[in-house]
Amino acid sequence: MMSVGMFLGWASPSLPLLLNGDNDGYPVRLNMEEASWVVSLFILASCVGCVISALMVNIIGRKYTMLFTAVPSVISWLMIVFATTLWEIHVSRFISGIAVGIVFTATPMYSGEISPADVRGIVGSMLSVAVNLGISIEFMIGPFLSVRNLALVSLAGPCLFVITFIWLPESPYYFIRRDDKQKAINSLVQLRGKKDVYKEADSIEQSVKADLANKASFRELLFIPGNRRALATVLSVGLIQQLSGNQAVLQYAQIIFDQANGNVESKYLTMILGAVQLICTVVCMMITDRSGRKLLLMVSAIGSACSTAMVAAYFHLQYNHADISNITWLPATGVILYVIMYGLGLAVLPLTMASELFSTNVKALGTMSCIMVFNIVAFGVAKLYPVISESAGVQTPFWIFTACSLVGAVFTYFYVLETKGKTLEQIQEELHGSSKQKVKNEIHPSVDFGSTHI
């Protein structure tokens, strides 16, 4: 996930060099339109990665699906190092997007399945902390390195992942799914650090077999009320995350700060931004199992709305030629406050909830579907942000982000299910209720998604 964060953070310090010329003599130069494709192709390719991941996780396992992502990650960074034309940059970003799509589908699934209920929120939140660590590394070292050297340093991410992760066990849920209970027990012994894991293994076996009694098709996902509510919840929380403006802020941070004409150099503001975001996601990780998901999501959405409103107000005054000499601090403050509020909930919890809410038989399909939708929306935000900013002013997209965050806070209050402190089995019981068996009997067999039970 840190490697994913490095891909996400690469654009902010690198785009100004690619737009204005790299002092190290990097041969590729971009205009703003080409730069927007560098950002958005990466996000669009994540959809492809989601499909690949959903097909792989139940065939070769969660662990080896995640390890596979090191291959496209390394290829992508090497292509940037040796690129001489624009198309090589575009292909590199597309390949890295595939890796990111696989990671974002498989990793929450793995972390949710290996974690005990009392720390599952913390473990799930660690994924977003690791992403933000990667982003912060890029933000802090990127302004002082050339495009080529930053890509070389970033190669350490996937290499470090392989060296550390290869020793960890496969998910016990995957082994139970493959009807290999002894391997599941061995995995639990390694994960829990104790030998008395038979009760948990039996509970996992009962849960997985009950879920796998159903087909893993889109019909099952959409027409079983509990699955439908899980899908609607994860989709909505993820859409709130994307429409709050995180892609615009992260990918174009240095450019936004340049447009604000503040007193502090944009590269230093971007470094502060990365550090603040990392700290806030760590705070969210520490409190998510104490305060609960729902409260954090609401606070995060309302805070994000207030923050983007500050940025929108400044650029609105600038667009209308008002005197803004005394409030040049406002956009930087708004962006940093946005990162704080976003990091307290929206940055972390969509992935955590994706690992919690879907039942075993539709987990891969549901997670894949949600991540694909998130990436399509993120692609739209990343691609349209510079277009709308240039045609209607920077304030326009930030007003849109404000409205979406407020709507998200209201939705969370009325609809989102609290999962704090509950086992995966308890969450499924609450989602499906007593009508689960009745609905199962009413659903007719349908065509599976692909040739595999996902």
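Predicted model: local features only at pLDDT ≥ 70, side-chain atom pairs only at ≥ 80, totals over all residues.
How are α1 and α8 oriented to each other, roughly parallel or roughly antiparallel?

Residues are numbered from 1 along each chain as its sequence is written, and side-chain values use heavy atoms, with hydrogens and water left out.

**View 1. The contact of helix α1 with helix α8.** Helix α1 covers residues 2-20 and helix α8 covers residues 156-165; their axes come within 8 Å and cross at roughly 170°. The two helices, α1 and α8, are therefore roughly antiparallel to each other. Angles over 145 degrees count as roughly antiparallel, under 35 as roughly parallel, 65 to 115 as roughly perpendicular and the rest as oblique. Axes are lines fitted to C-alpha atoms, for helices over the stretch in contact, and angles run from 0 to 180 degrees between N-to-C directions. Helices are DSSP runs (H or I, at least four residues), numbered from the N terminus. Met2, Ser3 and Met6 of α1 meet Gly157, Pro158 and Leu160 of α8, where contact means heavy atoms within 4.5 Å. By class, the residues of this contact are four nonpolar, two polar and no charged. Ala, Val, Leu, Ile, Met, Phe, Trp, Tyr, Cys and Pro count as nonpolar, Asp, Glu, Lys and Arg as charged, and the others, Gly among them, as polar.

**View 2. The largest pocket.** On a 1 Å grid over the protein atoms alone, a pocket is an open set of points with protein on both sides within 12 Å along at least five of seven lines, whereas a cavity is a set of points where a 1.4 Å probe fits but cannot get out; lining residues have an atom within 4 Å of a point. Grid points are joined across faces, edges and corners, and a volume is the space filled by probe spheres set on the points. The largest pocket holds about 590 Å³ of space. Its lining has 27 residues, and Met1, Met66, Thr107, Phe161 and Phe165 lie nearest the centre. At least two lining residues come from each of α1, α4 (70-82), α5, α6 and α8, and α5 gives the largest share, seven residues. The lining divides into 20 nonpolar, seven polar and no charged residues.

**View 3. The second largest pocket.** The volume of the second largest pocket is about 310 Å³. Of its 17 lining residues, Pro116, Ala117, Glu200, Thr423 and Glu425 lie nearest the centre. Two or more lining residues come from each of α5, α11 and α22; the largest share, four residues, belongs to α22. Five nonpolar, five polar and seven charged residues make up this lining.

**View 4. The largest cavity.** The structure holds three cavities of 30 Å³ or more, and the largest cavity contains about 390 Å³ of space. Among its 24 lining residues, Leu8, Phe104, Gln241, Gln242 and Asn246 are the closest to the centre. Elements giving two or more residues to the lining include α13 (225-243), α14 (246-251) and α19 (349-357). The lining of the largest cavity comprises 15 nonpolar, nine polar and no charged residues.

**View 5. The second largest cavity and helix α19.** The second largest cavity has about 70 Å³ of volume. Twelve residues line this cavity, with Phe358, Thr360, Lys363, Leu424 and Gln428 nearest the centre. Helices α11 (198-212), α19 and α22 (424-432) each supply at least two lining residues. Nine of the nine residues of α19 are buried, so this helix is largely enclosed by the rest of the structure. Buried means under 20% relative accessible area, exposed over 50%, and partly exposed in between (1.4 Å probe, protein chains only).

**View 6. Two buried residues, Ser405 and Met285****.** Ser405 lies in helix α21 (residues 395-415) and is buried, with a relative accessible area of 0%. Not counting residues up to four places away in sequence, Ser405 touches Ser244, Ala301, Ser304 and Ala305. Met285 belongs to helix α16 (residues 266-291) and counts as buried at 10% relative accessibility. With the exclusion of residues up to four places away in sequence, Met285 touches Ile122, Ser125, Met126 and Val129.
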